[in-house]
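Here is a short report on a two-chain model. Read it with the structure open beside you.

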Amino acid sequence: MPAQLPYEYKYLRAKKKFPHVWCPGCGIGIVMGSIIRAVDALGWNKNDIVLVSGIGCTSRMPVYFDFNTLHTMHGRALAFATGVKLANPGLKVIAVMGDGDALAIGGNHIIHSARRNIEITSIIVNNYNYGMIEPGFDTCRLLDAAGAVFVARGTVYHVIELDGLIRQAMEKKGLSVVEVMSPCPTNYGRANRLGGAVEMMKGLRDGSVNAAQAAKLSPEELKGRIVRGVLADREAPEYTELYADLCRRAREKASEVDE
Amino acid sequence: MRVPWGETRLVQGNEAIALGALASGVNFFAGYPITPSTEVAEMLARSLPQGDGAFIQMEDEIASVSAVMGASLAGARAMTATSGPGFSLMQEGIGFGCMAEIPFVLVDVMRAGPSTGLPTQVAQGDVMQARWGTHGDHPAIVLCPASVRECFDLTVRAFNLSETFRTPVILLSDEVVGHMRERVTFPKCEEVAVIERPVPETPTEWYEHYHPTPSNVSPMATYGSGYRFHVTGLTHDRQGFPTRRRDEVDEKLARLKAKITRRLDELVEIRTHDVEKSSVVIFAYGSVYRSALAAQVQLAKKNKRVGVFRPVTLWPFPDMETKELLDDKDVVIVPELNQGQLIHEIERLTSDSVRVIPVQRVDGYELTPEEIVSAAMEVM
């Protein structure tokens, strides 16, 4: 143990819950690191952060964090998170989900959370394990169409970029989404003969382009490539703020009736 | 909409549930509309914003029960309301609430099933679903109103029990009770006790979200209070962290059971009418209880004495009271709007010498007093 612990330890239940459950070569820990660096950069208070997840490898993440943490049912992270945020809009609510959790069993909730535009930072760690069993789709285009005010994609290879994307998502007023492409050498990688963790990381490096590069490429050249960066960024009224305004008007109307 | 404290009004059953919730300090409702429960949502949608409470219509019932639990963890007094198909969708969430010990109230206004069934006519088909609908061994508290005033009173009680016992409480109403209008004299504000959940006083670093106590219920911190804790549906230790250790698993599950079974006196509630003096007793609950009372009067006119035994709390079932009051009877008539659900509890708790007779109706209409009378006349 070094005399001076890395600052990340401040955000972890370091003495309680480690070692973690993830396989060697898994990308989820890198996403954890990005979340910590983003929270630290924003100076958020641990008492104000609620980290919510569903079921799956990614959803094991909250238990390691020294925040208010909530490990819920398969697919339902955003529904629980919506309850937390609406009951106490002062809280900073983050939902972490895998691709199956967010897009298969929980697909309905993510669409409607985006429609509602409630301020939750939604992080989808996509390791293709769900995409393995049926043709995948473009998560970011779906959520852009559903009206999410901030949609971005990163990979666990491009960590500095990922730190920034997650930080931007956390700062955004409304439902923000970051899809993080991440290797699973144990399941998807092995089943599809993609090699080990190192080969899969190289695949993320070589198989992805950033949004600016992508703009210069033809659809044929883009085929099969992961496009990284901010893919949608717009302004729309946030749900809890709209609701607070509705409450104010309802109170005024009720007091008029009393008079 | 305000609670008409101390006033007399013509009120609908579902409306009385909304008023009971407001009387109880509800400040969060998430739901998805379904007849015959929708009036509860409609009324709270209008009144909650006036008091800074939150109302949200979610995308389905699974999301609704999930949002309710998220809100409760963030400190809200939270509820939802639904009917059969929605109740089925909420079952996994109820189990999460039992396991993670999250207080909330769930209203199920029963309609005829299975499946879409007879929308939206009366039934009592969800009695066993209310007890055993979610998977695994779990506690269940289920209250069953039979009048509009009871819709109000039992909603208040449901909130108090859920906060006291830190567990979901189900108010199992039915379409007749829900849509019926009655003259109700509401209690005065000071007559209604509102119990809040116990909050921790320990320093944050010592806090255990599931600390064992003599009552088997631990004080409960909320998100944002400075107590940072973990909540999971995985079997967990006292701090809430997942465990597979036998001693910790056993302790958790035993405590979940004991928090109900050791405090039955606070939970079990029955009403009896002439039971001790009668050798024939009608066992009825919900709207059918009203037919049973009318049947008792009609039979008295024919010089036939019957008693009426009614569980107000359906779960935990009044085992002791049933044994004590019904085991020496000649006949127990069990009218139900299903093909026999609570009748099996009576059979379980009474000796072979007691004849247990079903009177059942499943076509979406109320059992009439006459149907119960003619069943009684056959055995008397």
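## Overall shape of chain A

Chain A has 259 residues; a compact globule of that length would have a radius of gyration near 18 Å, and chain A agrees with its 19 Å. That radius is taken over C-alpha atoms, and the globule rule is 2.2 Å times the number of residues to the power 0.38. The model is predicted: local features need pLDDT of at least 70, side-chain atom pairs count only at pLDDT 80 or more, and totals for chains, interfaces and linings use all residues. Residues are numbered from 1 along each chain as its sequence is written, while chains are lettered from A and ligands numbered from 1 in the order in which they are written.

The C-alpha trace of chain A spans about 75 × 50 × 30 Å along its principal axes. Chain A holds 12 helices and 8 strands. These are DSSP runs numbered from the N terminus: helices are H or I with at least four residues, strands are E with at least two. Of the 259 residues, 47% count as buried. Buried means 20 or more other C-beta atoms within 10 Å of the residue's own, exposed means 12 or fewer, and partly exposed lies in between, with C-beta atoms placed from the backbone. Of the chain A contacts with a separation of 6 or more, 71% come from residues 24 or more positions apart. A contact needs C-beta atoms, placed from the backbone, within 7 Å.

## Where the chains meet

In the interface, 37 residues of chain B are in contact with 37 residues of chain A. On the chain B side, β2 (28-31), β3 (54-57), α3 (61-73), α5 (91-100) and β10 (230-232) each supply at least two residues. Helix α3(B) gives the most, with 9 residues. By class, this side has 22 nonpolar, 10 polar and 5 charged residues. Here Ala, Val, Leu, Ile, Met, Phe, Trp, Tyr, Cys and Pro count as nonpolar, Asp, Glu, Lys and Arg as charged, and the others, Gly among them, as polar.

Strand β2 (residues 68-71) of chain A and β10(B) run in the parallel sense over 3 bridges. Pairing requires at least two DSSP bridges between two strands. In β10(B), B:T232 is the bridge partner of A:H71.

## The nonpolar core

Which residues touch the most other members of the largest nonpolar core? They are A:V84 and B:A71, in a core of 191 residues. Such a core is a set of buried Ala, Val, Leu, Ile, Met, Phe, Trp, Tyr and Cys residues joined through C-beta atoms within 7 Å. Helix α7 (residues 148-165) of chain B brings the largest share, 9 residues.

Leaving aside neighbours within four places in sequence, A:V84 is in contact with residues of both chains. In chain A these are A:V50, A:V52, A:L91 and A:V93. In chain B they are B:G70, B:A71, B:L73, B:A74 and B:Y223.

## Two domains in chain B

Chain B is assigned domain 1 (8-191) and domain 2 (272-379). These bounds come from an automatic or database domain assignment. The domain centres, taken over C-alpha atoms, are 26 Å apart. Between the domains, 21 residues of domain 1 are in contact with 19 residues of domain 2. Helix α6(B) gives the most to the domain 1 side, with 4 residues. That side has 16 nonpolar, 3 polar and 2 charged residues.

Helix α2 (residues 38-47) of chain B has buried residues B:E39, B:V40, B:A41, B:M43, B:L44 and B:S47. They pack against β1 (8-12), α1 (13-23), β2, β3, β4 (78-82) and β5 (104-112) of chain B.

## Backbone details

Chain B contains cis peptide bonds. One joins B:T35 and B:P36, with omega about 5°. B:P36 sits in the loop between β2 and α2 of chain B. Another joins B:G113 and B:P114, with omega about 0°. B:P114 is in the loop between β5 and β6 of chain B.

A:N117 has phi near 60°. Its loop lies between α5 (107-116) and β4 (121-126) of chain A. A:N117 is buried, with 23 other C-beta atoms within 10 Å. B:E101 has phi near 55°. B:E101 lies in the loop between α5 and β5 of chain B. With 22 C-beta neighbours inside 10 Å, B:E101 counts as buried.

Notes: Contact = placed C-beta atoms within 7 Å.
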